[in-house]
Structures are given as structure tokens and as C-alpha cells.
Amino acid sequence: MKKGRASRNRGGTAQAELFGEETSSEMAEQKTKGASKTSKLKVTKKNRTPSPQKPRSRGGAHKVAKQREISVSEFFAKNRHLLGFDNPSKALLTTVKEAVDNSLDACDEAGITPVVHVAITQTQDDRYLVSVQDNGPGITPKEIPRIFGSLLYGSKFHRLRQSRGQQGIGISAAGMYGQLTTGKPMTVVSRVKRKKAHRFSIMLDTNTNLPVIKSDEEVEWDSKHGTCVELELEANYKSGRHSVDDYLWQIALANPHVEIHYTPPKGDARTIPRATKVLPAEAKEIKPHPRGVELGHLMKMLKDTRARNLSAFLQTEFSRVSGKVAREILAKTKLSEKTSPARAHRDAAESLYKAIQSTKIMNPATNCLSPIGDDQLIASLMERHDADFCAAITRPTAVYRGNPFLIEAAIAYGGKSFNADEPIKLYRLANRVPLMYQKMACAISKSVIDVAWRNYLVQQSRGAMPVAPMAVLVHIASVWVPFTSESKEAIASYPEITKEVKLAVQECGRKVATHIRRGRRLADQEKKKSYIEKYIPHIGIALQEILDLTDAKRTKTENNLKDILEKSRKL
Amino acid sequence: MAPRKKSGSIVDQIRGEASSVETKVNRGAKPAMKFPIRSLQNVKYDPKKGFFEMRGRKKERTLTVNTVKTFAQTLRMMSLSKELVETDDIATKREAYYVSKNWEEARFKEQPESDTVMDDVEALFGVNREQLGFIPEEKGGDVAGQLVVIDNDPSTGRPLRIDCTKFGSGAYSIPISVEQLKFETKAKFILVIETAGMFQRLVKHSYWKSANCILISMGGVPTRACRRFIRRLSDDKRIPVYVFVDGDPYGISNIYRTLKVGSGSAAHLNEFFCVPKARFLGITPQDIVDYELPTHPMKEVDIKRAKDALKNDPFFLHHKAWQTAVRQLLKMGVRAEQQALAKHGLNYVIEEYLPNKLANTKAFLP
């Protein structure tokens, strides 16, 4: 749920875009998928039945209820749980999460090493002020109001590439939630390099889904570039699992190049230092893979393309389609290569769709993915834990339903951070964002449980998380992470994904087993050595008592015995 | 008690063993001690001799890193034994365990560990543990009936006549050492009983008077003293021994078998601590059928024990009659306790069962 900054901006109202995209929601962005379907439902009904959420006109039962268009903002204001604002403590976490995710995406795109300041202060009993500041590229004053003051406005919705946020709802939804619960506007300060900083005070008009600028002034700002978002909302701060503290800590784990300064409402301010200076590789944007496109989307692409014939259409609009592959696909249909895409009717599109499914096409390119990397993962885990051993693995890119994805896994074992008789700590990451909720519904958890941990000398009862002094981290990077729901909390169990997760975790498991075995062997040797030192004197004492040996003779016997045993141990 | 098999005093033997260890070490070689294997696998049954005899297989315990602890403990146990013998003192098995608590790292964690080492030392020298100065804790067993035991008064050393008919509802306790005892009796047989409960019933109703016998209660697997007492009594007075135990694999293969032919773990002593004359009165598997006894299903461990007896126990392998009986029990899959006879009335055992059985002693299982 991101807004890009200082980056391209596609026009049109967000709503139109949303509904234009609805058939292709699969190709596009995950969170919108659920949201757009729900919206579509309401809108397509609008000329037939009264919306249950609108008051009926007063004319009594005979009169037909007054029909009205629903703005996307109205819809989400009523359905705030879809966006992660179901309760006050989750609202706080979601607000911080959206703001931080935006900051990190902005920095990554601009190639800046991110430094993020997060501060939360309690203003009233149930109200908190959240402030998130980054050193990103900043946003031009012209863009600020729409990015922060209107839902579904952003840069990441229409492209196919790995990023944290996708559809441009998150931060403006947080602003809307704040506005609903406190009536106060959101404050945004942003500065682009070599320009003056601007301070905006923005509200969102839920009827029109348009920003209302309360104030806009040029201000002095000591950062050369960056953005600071500040908003007050009804919330509840708690610590422990599912807390902001935990989330920021995991963000640091998933993004070892990030430095975070955090001031919680209670307790001391803290800094989470970066574990590496290496920035993640830039994720390239790719064209859709033919296998990942559904029929409806294919029809829309046929209509929108600039290509003059079908062969060119296939080659220019998709990845991995060469002239030869295009010919192969078209040969399976009754369509001519020269047919104009605009004239391809529904049946033609369907035969084309079927032909694509049965044609062998190279897997999608992988440069659209940006894994964290083995070294980075190890550095990160070791920085954030006091562990004895760490192993990481990056799997080769795999494909589910035409979408490239990649699994990384890392295991930290032993040391002071872990308890030997507790279940392992599992970190689930998707496109570098920690997943905080719905652990047991997630394909990652299921796959980890599915691994036969006893083979790796780790305790596990049937169907349960293993018990060991250990943390397991699994990261899925994909142009489209298949979440089980719009709230982006758990990953769907596609067989291709569970298989890759298992393979990655097993490979790490093997390394851990080697480590455990080595440890046991050393302990065993140590124990045997101490055995010699412990018990030989007793043999000496017994022999002396039985045989009335002199002390000298006893010492000599003991030493000889020690020599004999040491020698045999080495052999 | 049991005469020594090796020549020389115990102290000499201990010294000899220790000295061979010391010599080997100082020659730069790994010392080793040879222990007889203490298990059923290492015994044979000769019905003419009537007891389990050791086959003579030995295991060699070489001093290595892995065995250094047991090796040290064995040597220290030998040293303790030497001290006891030299000072004419004794220690119970429990006391020996507590003495080891002074051995720092070489101490025993639990008494079974020290008992095992003690049994090893005992077998190593082929002697009875009393000769090493160690005595058991366990009670020997209870005796009532037509018997006068002649013991020595510990303070004066003068003979002491103990009339086992004069204990009322109580009983005479078999002492730990029975070698000095002499017996006077006119009893026709000795009835050896597994449970104290059944013994109590027979004593209460003065069964020994009507049947003219001696009653002995073992209280489970008979102790060495109990076995030796019965053996000496029956040998001296030439009276038969009948055994009355629960009709289950434990009563048959653990209690009766141990009483009659000895155990696998102390095979070097069986010659003296067994009662080859003993015969099995009941409860036989056939009794369960004939007397329509109430039963319990056999537990997993019972079944395992019975199968093990059929497969590995030289005593059962030798006696066809026993194999048939145990197979019958396995097939029925049930067990019956002595006291199950109470189903037919509390004194049914006295009035019917025992007289019936004793009428045909030839039919007793071997």
C-alpha cells in the first residue's frame, strides 16, 4: 500500500483505475485484489438495488430508494478492518507499518541508505501521535496532497516488480482513520534536494476521495531531503508480540541495510543499527508472463495495445515471447498473425488464452526480484541475535501460475537469545515486510512444521513447531505475493511455494545438523577427557589401598595410566 | 556358606587382581579384568545336578576412556571389601552405597549401580557376597510349623532352640546367614508360599498342625538366605518341598524357577542357593480351568516373560511338561492369583484345594 514519491504518476481517478483493473487484479497487486472485488460488488449493483449502507429515501415502501455512487473513501471508512484498522492497537501498528514501508520503498527506489525515525507519543488516554521521518528523495509539493489525501493513488499499482507496498491505499487510509477518530488533519513535511521544504496539513474528503489542503507553507528543515508524516489517531500501545516494537525489530531483520531510531510512548528511545551497508539490488520491472494472465485481462490488453498485429502484440506486451513462440501460440488458434488485436473478439481471445496455456514458454525473468541475500541474512540474524551458528540459503527462482518468486531461508542456532525448551522463533517475511498475524494460516508456518526436524537433530512433536534454541527466517520475494486475504497477513499454500519453502528450510536444517553434530562431538571428547582426569585418581587410590603402594608409586601408576588412555583416545 | 572356588583367602585374591592391573599399567599396557557373564545366556541346566550352572563364558572389561569410571568403582569396591574382611566387619549393600558417597567423582548415583558392581566383584572371585563382607538388606522369609531351629545365642555362643510352633499368629524369621543352623522336625513336607497373605491364612488356621508340615513364606522372589534355608532343611531332614505360588509367568518363571535351580545373574552361587527337590504344587494353568478360578488378563510384560521363558530359559527348554503348561497359560491369556481360590469360600484352600492337590503329589509339575 504505497505511494511512490518523486516518481512517475499515472493519472485518472483512482476509482476508475481500480475498476478498470479489476479483471486483471491477479496480475497486478495483491491487496487491491480483495478490496477491488468488494468495491466492484457494490458498484455493479448500483443501478439495480439500493445500497444497504445508504439511507432509503423517505417516500415509504412503494418508492424506489435513491441510487447513489459510493466513493472508495466512504467504502473503506466503513470497512476499515479490510485495511488493518480493526482495533486500536492494530490501528497503531498498521499506521506505523504503512509509513515505514513507504519510507523504505522510496529510499530503495532512489538508492539511498535508509535512516528512519519513528516516534510515538501519547496525547490523551486513547490517542497517540505517530511521526515517521525518512531520508528518502522527498516528494514534490504538487504531488503531496493527492498521495496523502486520496485513496488508491500511487505509482506502484500498474507495474510488475517487487516492492513492499502496491496499491496506494495505506498511508492515506491511516490519515483517514486518524481524521475519523480525532478530527485532526495529517501533517506532511517533505523536501526534495535543492528545493525548500514544504509543510502540508491535509484532510481527506470522503465523499469525493479528494484531498483538502488545510495549509501549505514553506518551512526551514535541517534535512537536505526526506519526508516526515505526522498524524494523531485513536490507538492503543502495547508491547510484546504484535507490537510496534516487535514490528520495527523485524523490519530491521528483514532489511539489514536500514537504520531505525525509535521513540516509544513509554521507555527510552532506542536505535536499531544497520547490519550491513550493502543496498538491496534494484528490482527491475517486467512485463507480464503469458501464463500469469487471465482471460479478462488478456481481453483488456488486446484492446489497449498499440501493436498492429497479434504477433507483435504477444512479443511486445509479454515477457519471454519471441517471434518463434508467438508463431507457435498463434498456430494453435485459427487466428492469423496479421489480425489486428483491436478486432479480436471474445472467442478469439479465449482461443488465444487456451493456446498460451498449452505452449511451452520460458520461465519469467528473475531480475524483477530482489532477494535479501545469504550474506545479508546471516549478518542480519547475527546482528539481531546472540547466536552460535547461522546458515542461510537462497533458492533459485521458481514460478507459480506464471509469477516468478523466490524463497530465502536462514536459521540462527544456539546462543543466549534462545531457549532450548521453547518452540523455535519463526520470522515470516514477504517482499521484505514482516508478517505479524495469522501465523498458523500461513504456507510458511505449515511448510516449516512439515519438515522432519528430527532428521536434523531438532526435537519436534507431530504436527507442531520444532522445539530448539533456534530462529528460522523465511522470505518470499515475488512480483505478486499470493496472500490469503487483503490484509496481507498470511501466504496462500500454492504447492510450488510450500515445496520451495521446505527445500530451503531443509537445506539450512542440514547445515544446522552438522553444527549440532560437531558440537556434540566436541562435548563428547571434552567429557571423555574429563573422565580420564576424574576417575584415574580413584584407580590410584584403590590400588594404593589394596596393594599398600607408596605415594610415589601411586603417582607413577596414575601417570602411566593417563598416558595409555590419552594415546588410545587419539587413535 | 558356599566354599571358595579359588584358592587363597579373599584378601589374597583381591590383592592378586589389583596387582595384575598395576603391573600391566606400569608395563604400558591397558589393564583388563575378566568377569563371568551374568545372564541366562551363560548358564546350562543339568537335571542330574539340578541347578543352573555357569557355562564359563567371560567378558573382558578392558580399561578404556569409556570404562574408566566403572573400572575405578570396581577397584574401590574391592578395596572396601578387603578392608571389611581384614577388620572382620560387615556392610549392608545400602551402607556400601553410602560409603561410596565419600569417593567424590567415583561415587554411585543410585544403589542399583553399586549393587551391580558388587555383584560383578562377587562373580569375579566366584564367592558369596557375605564372604566379601557385604550383607543384603532383605528379610529372608518367614517360617511356621513343625520345626525346631537350633541357632547360637549371639552373646553367649550357646545353642538356642527355637520352636516354630510357638510363634502363635506370628512366625520365625530366617536369618541372613543360615549355615550354622541345625534342625529337628517330624514334618512330612515343606510348603513354600509366595504371598504373605496366603501364609497368614494358613498360619491362622494352624494348617501346619493338621497337615503336619512346615510353612515358609517367601514374599516374592526368594532371597538367597531363604533358598539356602529351604535347601539345607530339606537336605538334612530329607523332606519334600512343595511350592505354592500365583498362576502367572512371574510366579512360575521368576519365583519358582529361581527357588528350584537358581538365577542367571548369580550363577556361580546356584549350586548352594537352590532347591532342586522343589516341586510345583500350584497354581497350575490347569488349576485355573479345573477350579474355575477368577482371572485377570495377562499384561504385556507377563506375555513377554512367558515367551522369553519358552525361548531362552534352559530350565523350561528342558522340561516338556513345563513348556506345555506355559503354552497353555499363554493360550488362555490370563493369570490367576493364589488368593483367587477365595471365590469358593475363604477356607476352600485349606479344606479342599491343598488336600486335593496333596493327594496326588506325583502329578506336580517338575
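Buried residues account for 54% of the 366 residues in chain B of this predicted model. Here, buried means under 20% relative accessible area, exposed means over 50%, and partly exposed lies in between (1.4 Å probe, protein chains only). The model is a prediction, in which local features need pLDDT of at least 70, side-chain atom pairs count only at pLDDT 80 or more, and totals for chains, interfaces and linings use all residues. Residues are numbered from 1 along each chain as its sequence is written, chains are lettered from A and ligands numbered from 1 in the order in which they are written, and side-chain values use heavy atoms, with hydrogens and water left out.

Chain B contains 13 helices and 17 strands. These elements are DSSP runs numbered from the N terminus: helices are H or I runs of at least four residues, and strands are E runs of at least two. The radius of gyration of chain B is 22 Å, close to the 21 Å that the globule rule gives for 366 residues, so chain B is as compact as a globular protein of that length. The radius is taken over C-alpha atoms, and the rule is 2.2 Å times the number of residues to the power 0.38. Along the principal axes, the C-alpha atoms of chain B fill a box of roughly 70 × 55 × 35 Å.

Contacts were computed as heavy atoms within 4.5 Å. Among contacts in chain B between residues at least 6 apart in sequence, 73% join residues at least 24 apart. The accessible surface of chain B is about 16200 Å², with 48% of it on carbon and sulfur atoms. Accessible areas come from the Shrake-Rupley method with a 1.4 Å probe; for residues, only the protein chains shown count as cover.

The two chains meet at an interface. There, 29 residues of chain B are in contact with 25 residues of chain A. Together the chains bury about 2400 Å², 71% of it on carbon and sulfur atoms. Glu22(B), Val65(B) and Arg76(B) supply 25% of the area that chain B buries against chain A, more than any other three residues. Buried area is the accessible area (1.4 Å probe) that two parts lose on being put together, summed over both.

Backbone geometry was examined next. A cis peptide bond joins Gly282(B) and Ile283(B), with omega about 0°. Ile283(B) is in the loop between strand E15 (279-282) and helix H9 (285-290) of chain B. Asn212(B) is not a glycine, yet has a positive phi of about 55°. Asn212(B) sits in the loop between helix H6 (207-211) and strand E13 (213-217) of chain B. Its relative accessibility is 23%, so Asn212(B) counts as partly exposed. In chain A, Arg194(A) also has a positive phi, near 60°. Arg194(A) is in the loop between strand E3 (186-191) and strand E4 (197-205) of chain A. Arg194(A) is exposed, with a relative accessible area of 76%.

Val289(B) lies in helix H9 of chain B. Val289(B) is partly exposed, at 42% relative accessible area. Neighbours within four places in sequence aside, Val289(B) is in contact with Gln328(B) and Met332(B). Lys90(A) is found in helix H4 (residues 88-110) of chain A. Lys90(A) is buried, with a relative accessible area of 10%. Leaving out neighbours within four places in sequence, Lys90(A) is in contact with Gly84(A), Tyr437(A) and Glu489(A).
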